[in-house]
Amino acid sequence: MQHLFPDGAPLALLLAVTAVFSYFCGCFNGAVIVSKYILRDDVRTHGSGNAGLTNFFRTFGGPLTLVVILCDVFKAVAALLVSGYVIGSGYADFLSADVATAYWHTFAKYWAGIFCLLGHMFPCMFQFKGGKGILSGGTIALMLDWRIALVVWGGFLLLAAATRYVSLGSVWAGASFPFVSWYCYPYPAVVALAFVIGGLVVWQHRTNIRRLLDGNENKFSFHHKTDT
(Lines give C-alpha, C1' and ligand atoms only; values in the text may rest on other atoms or scores of the structure.)
Protein backbone atom coordinates (compact mmCIF):
# COMPACT_ATOMS: atom_id res chain seq x y z
CA MET A 1 0.00 0.00 0.00
CA GLN A 2 1.22 3.47 -0.83
CA HIS A 3 1.26 5.41 2.42
CA LEU A 4 -0.27 8.83 2.82
CA PHE A 5 2.17 9.73 5.57
CA PRO A 6 5.88 9.14 6.11
CA ASP A 7 6.91 5.85 7.68
CA GLY A 8 6.38 5.98 11.41
CA ALA A 9 3.95 8.90 11.21
CA PRO A 10 2.93 9.87 14.77
CA LEU A 11 -0.39 8.39 15.76
CA ALA A 12 -1.37 11.76 17.24
CA LEU A 13 -1.08 13.35 13.79
CA LEU A 14 -3.28 10.71 12.19
CA LEU A 15 -5.87 11.01 14.93
CA ALA A 16 -5.92 14.80 14.57
CA VAL A 17 -6.33 14.63 10.78
CA THR A 18 -9.15 12.11 10.96
CA ALA A 19 -10.86 13.99 13.80
CA VAL A 20 -10.94 17.24 11.81
CA PHE A 21 -12.08 15.51 8.63
CA SER A 22 -14.82 13.56 10.42
CA TYR A 23 -16.05 16.65 12.26
CA PHE A 24 -16.48 18.62 9.04
CA CYS A 25 -18.18 15.64 7.41
CA GLY A 26 -20.63 15.71 10.30
CA CYS A 27 -21.18 19.46 9.84
CA PHE A 28 -22.74 18.72 6.45
CA ASN A 29 -26.22 18.71 7.98
CA GLY A 30 -28.82 17.70 5.41
CA ALA A 31 -31.81 19.06 7.32
CA VAL A 32 -30.28 22.52 7.65
CA ILE A 33 -28.87 22.67 4.13
CA VAL A 34 -32.08 21.52 2.44
CA SER A 35 -34.41 23.66 4.54
CA LYS A 36 -32.26 26.80 4.64
CA TYR A 37 -30.84 26.89 1.12
CA ILE A 38 -33.42 25.00 -0.95
CA LEU A 39 -36.71 25.61 0.88
CA ARG A 40 -35.53 28.96 2.27
CA ASP A 41 -37.11 28.12 5.62
CA ASP A 42 -34.71 26.97 8.36
CA VAL A 43 -36.01 23.79 9.99
CA ARG A 44 -34.59 24.97 13.32
CA THR A 45 -37.30 27.64 13.50
CA HIS A 46 -40.04 25.01 13.50
CA GLY A 47 -41.31 22.30 15.81
CA SER A 48 -38.72 21.08 18.28
CA GLY A 49 -36.07 23.39 16.81
CA ASN A 50 -33.92 20.35 16.13
CA ALA A 51 -31.99 20.07 12.86
CA GLY A 52 -32.69 16.38 12.41
CA LEU A 53 -34.63 14.05 10.13
CA THR A 54 -37.68 13.69 12.37
CA ASN A 55 -38.26 17.42 12.77
CA PHE A 56 -37.62 17.98 9.06
CA PHE A 57 -40.20 15.36 8.10
CA ARG A 58 -42.74 16.64 10.59
CA THR A 59 -42.29 20.18 9.31
CA PHE A 60 -41.87 19.78 5.56
CA GLY A 61 -42.37 16.17 4.54
CA GLY A 62 -42.05 15.48 0.82
CA PRO A 63 -39.37 13.90 -1.36
CA LEU A 64 -36.65 16.23 -0.07
CA THR A 65 -36.70 14.10 3.08
CA LEU A 66 -34.78 11.53 1.03
CA VAL A 67 -32.05 14.11 0.38
CA VAL A 68 -31.72 14.69 4.13
CA ILE A 69 -31.44 10.95 4.69
CA LEU A 70 -28.75 10.57 2.04
CA CYS A 71 -26.73 13.47 3.45
CA ASP A 72 -26.74 12.02 6.97
CA VAL A 73 -25.88 8.53 5.71
CA PHE A 74 -23.11 9.40 3.27
CA LYS A 75 -21.29 11.80 5.57
CA ALA A 76 -20.97 9.03 8.17
CA VAL A 77 -19.83 6.58 5.49
CA ALA A 78 -17.20 9.04 4.24
CA ALA A 79 -15.93 9.81 7.74
CA LEU A 80 -15.45 6.17 8.71
CA LEU A 81 -14.04 4.96 5.40
CA VAL A 82 -11.51 7.75 5.06
CA SER A 83 -10.45 7.56 8.71
CA GLY A 84 -9.99 3.80 8.52
CA TYR A 85 -7.87 4.20 5.40
CA VAL A 86 -5.76 7.06 6.75
CA ILE A 87 -4.93 5.33 10.01
CA GLY A 88 -4.54 2.01 8.23
CA SER A 89 -2.14 3.36 5.60
CA GLY A 90 -0.25 5.61 7.96
CA TYR A 91 0.05 3.43 11.02
CA ALA A 92 -1.60 0.04 11.17
CA ASP A 93 0.42 -1.57 8.38
CA PHE A 94 3.59 -1.01 10.38
CA LEU A 95 2.25 -3.39 13.03
CA SER A 96 3.34 -6.97 12.57
CA ALA A 97 0.24 -8.76 13.85
CA ASP A 98 -2.97 -8.95 11.82
CA VAL A 99 -4.95 -8.72 15.04
CA ALA A 100 -3.27 -5.42 15.87
CA THR A 101 -4.02 -4.10 12.38
CA ALA A 102 -7.69 -5.06 12.72
CA TYR A 103 -7.78 -3.38 16.12
CA TRP A 104 -6.56 -0.06 14.73
CA HIS A 105 -9.07 -0.14 11.90
CA THR A 106 -11.84 -0.73 14.43
CA PHE A 107 -10.51 1.99 16.71
CA ALA A 108 -10.33 4.39 13.74
CA LYS A 109 -14.02 3.86 12.95
CA TYR A 110 -15.12 4.54 16.51
CA TRP A 111 -12.83 7.57 16.66
CA ALA A 112 -14.26 8.94 13.43
CA GLY A 113 -17.78 8.20 14.64
CA ILE A 114 -17.37 10.47 17.66
CA PHE A 115 -16.24 13.46 15.65
CA CYS A 116 -18.78 12.90 12.89
CA LEU A 117 -21.53 12.98 15.52
CA LEU A 118 -20.02 16.07 17.15
CA GLY A 119 -20.09 17.80 13.78
CA HIS A 120 -23.69 16.76 13.21
CA MET A 121 -24.81 17.83 16.66
CA PHE A 122 -22.70 20.99 16.94
CA PRO A 123 -21.91 22.24 13.40
CA CYS A 124 -19.60 25.25 13.53
CA MET A 125 -21.03 26.78 10.34
CA PHE A 126 -24.62 26.59 11.61
CA GLN A 127 -24.22 28.28 15.02
CA PHE A 128 -23.50 24.88 16.66
CA LYS A 129 -27.21 23.99 16.41
CA GLY A 130 -27.52 20.60 14.76
CA GLY A 131 -29.35 17.31 15.03
CA LYS A 132 -29.42 14.49 17.54
CA GLY A 133 -27.38 12.00 15.53
CA ILE A 134 -29.73 9.06 15.17
CA LEU A 135 -29.48 8.47 11.43
CA SER A 136 -25.75 9.17 11.30
CA GLY A 137 -25.25 7.11 14.45
CA GLY A 138 -27.26 4.27 12.95
CA THR A 139 -25.09 4.39 9.85
CA ILE A 140 -22.01 4.21 12.04
CA ALA A 141 -23.45 1.10 13.72
CA LEU A 142 -24.07 -0.50 10.32
CA MET A 143 -20.50 0.15 9.24
CA LEU A 144 -19.00 -1.20 12.44
CA ASP A 145 -20.55 -4.64 12.80
CA TRP A 146 -23.81 -6.33 11.77
CA ARG A 147 -24.31 -7.51 15.37
CA ILE A 148 -24.13 -3.94 16.66
CA ALA A 149 -26.51 -2.79 13.93
CA LEU A 150 -28.94 -5.59 14.75
CA VAL A 151 -29.19 -4.63 18.41
CA VAL A 152 -29.26 -0.87 17.83
CA TRP A 153 -31.56 -0.80 14.82
CA GLY A 154 -33.69 -3.76 15.91
CA GLY A 155 -34.49 -2.18 19.26
CA PHE A 156 -35.03 1.23 17.69
CA LEU A 157 -37.50 -0.05 15.11
CA LEU A 158 -39.40 -2.26 17.55
CA LEU A 159 -39.81 0.48 20.16
CA ALA A 160 -40.62 3.20 17.63
CA ALA A 161 -43.18 1.02 15.85
CA ALA A 162 -44.79 -0.26 19.05
CA THR A 163 -45.04 3.09 20.84
CA ARG A 164 -44.74 5.65 17.98
CA TYR A 165 -42.16 7.42 20.13
CA VAL A 166 -39.12 7.87 17.90
CA SER A 167 -37.28 9.32 20.87
CA LEU A 168 -37.77 6.14 22.90
CA GLY A 169 -36.19 4.07 20.14
CA SER A 170 -33.42 6.66 19.87
CA VAL A 171 -32.62 6.45 23.58
CA TRP A 172 -32.46 2.67 23.27
CA ALA A 173 -30.04 3.03 20.35
CA GLY A 174 -27.73 5.32 22.29
CA ALA A 175 -27.90 3.35 25.54
CA SER A 176 -27.42 -0.08 23.98
CA PHE A 177 -24.60 0.91 21.61
CA PRO A 178 -21.71 0.87 24.13
CA PHE A 179 -22.78 -2.45 25.67
CA VAL A 180 -23.10 -4.34 22.40
CA SER A 181 -19.81 -2.75 21.30
CA TRP A 182 -18.27 -4.06 24.53
CA TYR A 183 -19.49 -7.55 23.64
CA CYS A 184 -18.20 -7.38 20.05
CA TYR A 185 -14.91 -5.54 20.68
CA PRO A 186 -13.76 -5.93 24.30
CA TYR A 187 -10.85 -3.51 23.97
CA PRO A 188 -10.76 -0.82 26.69
CA ALA A 189 -10.05 2.07 24.32
CA VAL A 190 -12.77 1.01 21.88
CA VAL A 191 -15.29 0.52 24.69
CA ALA A 192 -14.47 3.97 26.05
CA LEU A 193 -15.12 5.51 22.62
CA ALA A 194 -18.36 3.54 22.35
CA PHE A 195 -19.58 4.97 25.66
CA VAL A 196 -18.81 8.48 24.38
CA ILE A 197 -20.83 7.85 21.20
CA GLY A 198 -23.75 6.37 23.07
CA GLY A 199 -23.57 9.06 25.73
CA LEU A 200 -23.72 11.83 23.11
CA VAL A 201 -26.88 10.37 21.61
CA VAL A 202 -28.59 9.94 24.98
CA TRP A 203 -27.54 13.44 26.10
CA GLN A 204 -29.01 14.98 22.97
CA HIS A 205 -32.33 13.33 23.87
CA ARG A 206 -32.43 14.58 27.46
CA THR A 207 -35.43 16.84 26.81
CA ASN A 208 -37.24 13.96 25.10
CA ILE A 209 -36.55 11.77 28.13
CA ARG A 210 -38.10 14.38 30.40
CA ARG A 211 -41.16 14.59 28.15
CA LEU A 212 -41.44 10.81 28.06
CA LEU A 213 -41.37 10.69 31.86
CA ASP A 214 -43.95 13.49 32.02
CA GLY A 215 -46.17 11.77 29.47
CA ASN A 216 -46.25 14.63 26.96
CA GLU A 217 -43.76 13.49 24.31
CA ASN A 218 -44.93 13.84 20.69
CA LYS A 219 -45.74 10.65 18.83
CA PHE A 220 -44.55 10.10 15.29
CA SER A 221 -47.00 10.55 12.44
CA PHE A 222 -46.56 10.07 8.72
CA HIS A 223 -48.52 13.28 8.17
CA HIS A 224 -46.19 16.27 8.49
CA LYS A 225 -47.29 19.27 10.47
CA THR A 226 -47.77 22.71 9.02
CA ASP A 227 -47.59 26.01 10.84
CA THR A 228 -50.85 27.88 11.33
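## Exercises on cores, pockets and one threonine

In this predicted model, the side chain of Thr65 comes to 3.0 Å from the backbone oxygen of Gly62.

**Exercise 1. Describe the setting of Thr65: which helix holds it, is it buried or exposed, and which residues does it touch?**

*Solution.* 
- Step 1: Thr65 sits in helix H4.
- Step 2: Check its accessibility. Buried means under 20% relative accessible area; Thr65 has 9% relative accessibility, so it counts as buried.
- Step 3: List its neighbours. Leaving out residues up to four places away in sequence, Thr65 touches Leu53, Phe56 and Phe57.
- Step 4: The Thr65 side chain reaches the backbone oxygen of Gly62 at 3.0 Å.

**Exercise 2. Find the residues that touch the most other members of the largest nonpolar core, and say which element gives the most to this core.**

*Solution.* 
- Step 1: Look among the 37 residues of this core; Phe107, Tyr110, Ile148 and Phe177 touch the most other members.
- Step 2: Trace the elements. Two or more residues come from each of helices H1 (11-26), H4 (64-90), H5 (98-121), H6 (134-144), H7 (146-163), H8 (166-184) and H9 (188-204).
- Step 3: Pick the main contributor. H5 gives the most, with 11 residues.
- Step 4: Zoom in on Phe107. Not counting residues up to four places away in sequence, its contacts are Leu15, Ala189, Val190 and Leu193.
- Step 5: Look for another core. A second, separate one has 9 residues, including Ala31, Ala51, Phe56 and Phe60.

**Exercise 3. Characterise the largest pocket by its volume, its lining and the element with the largest share of that lining.**

*Solution.* 
- Step 1: Take the volume, which is about 890 Å³.
- Step 2: Turn to the lining. It has 41 residues, and Leu53, Thr54, Asn55, Val166 and Phe220 lie nearest the pocket centre.
- Step 3: Assign the lining to elements. H3 (53-59), H4, H6, H7, H8 and H10 (206-214) each supply at least two residues, and H3 has the largest share, with 6 residues.
- Step 4: Sort by class. The lining holds 14 nonpolar, 19 polar and 8 charged residues.

Notes:
Residues numbered from 1 in each chain as written. Predicted model: local features only at pLDDT ≥ 70, side-chain atom pairs only at ≥ 80, totals over all residues. Heavy atoms only, no water. Core = buried A, V, L, I, M, F, W, Y, C linked by side-chain atoms within 4.5 Å. Buried < 20%, exposed > 50% of the residue type's maximum accessible area, 1.4 Å probe, protein only. Helix = DSSP H or I, 4+ residues; strand = E, 2+ residues; numbered from the N terminus. Contact = heavy atoms within 4.5 Å. 1 Å grid on protein atoms, 1.4 Å probe; cavity = no way out; pocket = protein on both sides within 12 Å on 5 of 7 lines; lining within 4 Å. Points joined across faces, edges and corners; volume = space filled by probe spheres on them. Nonpolar A, V, L, I, M, F, W, Y, C, P; charged D, E, K, R; others polar. Polar contact = N/O pair within 3.5 Å; in protein donor to acceptor, adjacent residues only side chain to side chain.
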